[in-house]
Amino acid sequence: MFSSSRESQITLSQKKHPVFSAVTNKMNIPMLLQHPHRHFLKGLLRTPFRRYHFIFHSSSHRGSGVPCAQPFNSPGLHCTKWMLLSNGLKRKLCVQTTLKEHTEELSDKEQRFVDKLYTGLIQGHRACLAEAITLIESTHKRKKELAQVLLQKVLVYHKEQEQINKGKPLAFRVGLSGPPGAGKSTFIEYFGKMLTERGHKLSVLAVDPSSCTSGGVGQSEFAVADMVDMFVLLLPPAGGDELQGIKRGIIEMADLVAITKSDGDLIVPARRMQAEYVSALKLLHRRSEVWRPKVIRISARSGEGITEMWDKMKEFQDLMLASGELTAKRQKQQKVWMWNLIQESVLDHFRTHPAVREQIPLLEKKVLSGALSPGLAADVLLKTFKSRDL
């Protein structure tokens with residue numbers, strides 16, 4: 001459950017609610033435009049229109065939303081409406097590309113597997129959560145497709161539960177980060193026990209964003225910040241070389257800074273460091289209209305400041321929810337993850353293209369030797385990739 005000092009944790013907590021949805025939320029990508037209709041849409045998009053504008057709506061229940069024609073005979077499916085506007089011409093298409101349609105492509109064994117994981121997730125079974133995470137992390141093509149079917153089912157369930165909860169999130173997602181030696185694991189243990197004793201359910205997802213060379217906080221921390229509601233930076237009561245690896249951008253993203261190990265002989269340096277960061281944060285760009293980052297001192301050994309830290313977290317959640325900033329933040333995160341996944345997929349297709357793959361070693365060698373500019377090498381590879389359909 002707890003990681004080494006080189007790891008960063010994402011903590012998820014909400015009273016009386018399972019938190020698996022928060023773990024999977026980052027990959028909630030709807031499965032749209034699947035096999036039965038993709039050729040139809042490709043043919044349509046190849047028509048000689050100069051300008052395209054797409055608008056789609058979807059209704060989650062049969063008979064709700066805007067009525068539309070039914071060109072495909074699949075009763076019980078909700079409809080996604082596309083409108084193509086080009087040179088004043090409007091064409092309405094009803095493309096039924098829903099979860100039910102996609103799951104019809106699964107074999108009986110695959111369907112049973114997905115249903116088993118889904119049922120286990122919504123019932124809070126830890127073994128199913130672990131198996132689901134393994135499935136989602138898989139790079140196998142078919143398993144990735146199964147993962148998306150599972151995630152879409154979870155997304156539908158999650159939305160239904162949020163509606164029952166009057167639109168409020170079911171989980172509070174907190175990202176914890178800090179340099180090696182900040183006491184992240186010790187804090188997680190103490191903090192987690194406190195929350196579970198108060199009746200909360202807690203899940204910890206550990207990732208390793210540290211630089212393999214410097215050991216400092218690395219680029220992956222920006223990815224962590226794009227997964228969570230609140231980003232917390234844990235810092236030991238030290239300075240100089242020990243904190244050189246922390247980038248200014250990471251500090252700017254922090255909603256709460258906690259100076260750890262504030263006990264014994266370290267109380268004085270912890271207080272001094274708290275004052276320094278209070279002054280420093282005043283000079284940074286303010287990212288929220290309703291919340292200004294706070295700096296507190298904590299000790300997982302004595303318990304000092306831990307309750308205050310939880311109170312600050314709840315205050316942050318309440319203010320962000322009331323202002324609508326939390327909802328907007330989550331929506332933005334979903335969009336960011338969509339484009340991240342697209343970029344990863346496109347780059348993978350590019351690298352695995354046979355002709356491109358053959359040329360990469362040669363062109364890289366020429367770039368390294370200075371015989372070819374990086375821009376020209378990139379142009380050659382891109383032209384090779386684009387020519388695959390000619």
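This is a guided tour of one predicted chain, stop by stop, with a note on what to select at each.

Before starting, note that residues are numbered from 1 along the chain as its sequence is written, and that side-chain values use heavy atoms, with hydrogens and water left out. Because the model is predicted, local features need a pLDDT of at least 70 and side-chain atom pairs count only at pLDDT 80 or more, while totals for chains, interfaces and linings use all residues.

**The whole chain**

Show the chain as a cartoon, where there are 14 helices and 9 strands; helices (H or I, at least four residues) and strands (E, at least two) are DSSP runs, numbered from the N terminus. Of the 390 residues, 42% are buried, where buried means under 20% relative accessible area, exposed over 50% and partly exposed in between, with a 1.4 Å probe and protein chains only. Among contacts (heavy atoms within 4.5 Å) between residues at least 6 apart in sequence, 74% join residues at least 24 apart.

Two packed helices are described by the angle between their axes and the distance between the axes. Here the axes are lines fitted to C-alpha atoms, for helices over the stretch in contact, and angles run from 0 to 180 degrees between N-to-C directions. Angles under 35 degrees count as roughly parallel, over 145 as roughly antiparallel, 65 to 115 as roughly perpendicular, and the rest as oblique.

Select residues 126-137 and 141-164, which are helices α5 and α6, whose axes come within 8 Å and cross at roughly 130°, so that α5 and α6 are oblique to each other. The contact is made by A132, L135 and I136 of α5 together with K143, L146, A147, L150 and L151 of α6. These residues divide into 7 nonpolar, no polar and 1 charged, where Ala, Val, Leu, Ile, Met, Phe, Trp, Tyr, Cys and Pro count as nonpolar, Asp, Glu, Lys and Arg as charged, and the others, Gly among them, as polar.

Next, select α7 (residues 184-197) and α11 (residues 306-323), whose axes come within 11 Å and cross at roughly 70°; the two helices are therefore roughly perpendicular to each other. On the α7 side, F187, Y190, F191, M194 and L195 meet I306, T307, M309, W310 and M313 in α11, a set that divides into 9 nonpolar, 1 polar and no charged.

Then move to α13 (residues 354-369) and α14 (residues 374-386), which pack at an angle of about 170° with their axes 10 Å apart and are therefore roughly antiparallel to each other. Residues in this contact include I360 and L363 of α13 and L381 and F385 of α14, and the contact as a whole divides into 10 nonpolar, 2 polar and no charged.

**Single residues**

Select D263 in the loop between β8 (256-259) and α10 (267-282), where, at 14% relative accessibility, D263 counts as buried. Leaving aside residues up to four places away in sequence, D263 touches S299, R301 and S302. A polar contact of 2.5 Å joins the side chains of D263 and S299, the term meaning a pair of N or O atoms within 3.5 Å, of which, within protein, one must be able to donate a hydrogen and the other to accept it, with residues adjacent in sequence counting only if both atoms are side-chain atoms.

Most residues other than glycine have a negative phi.
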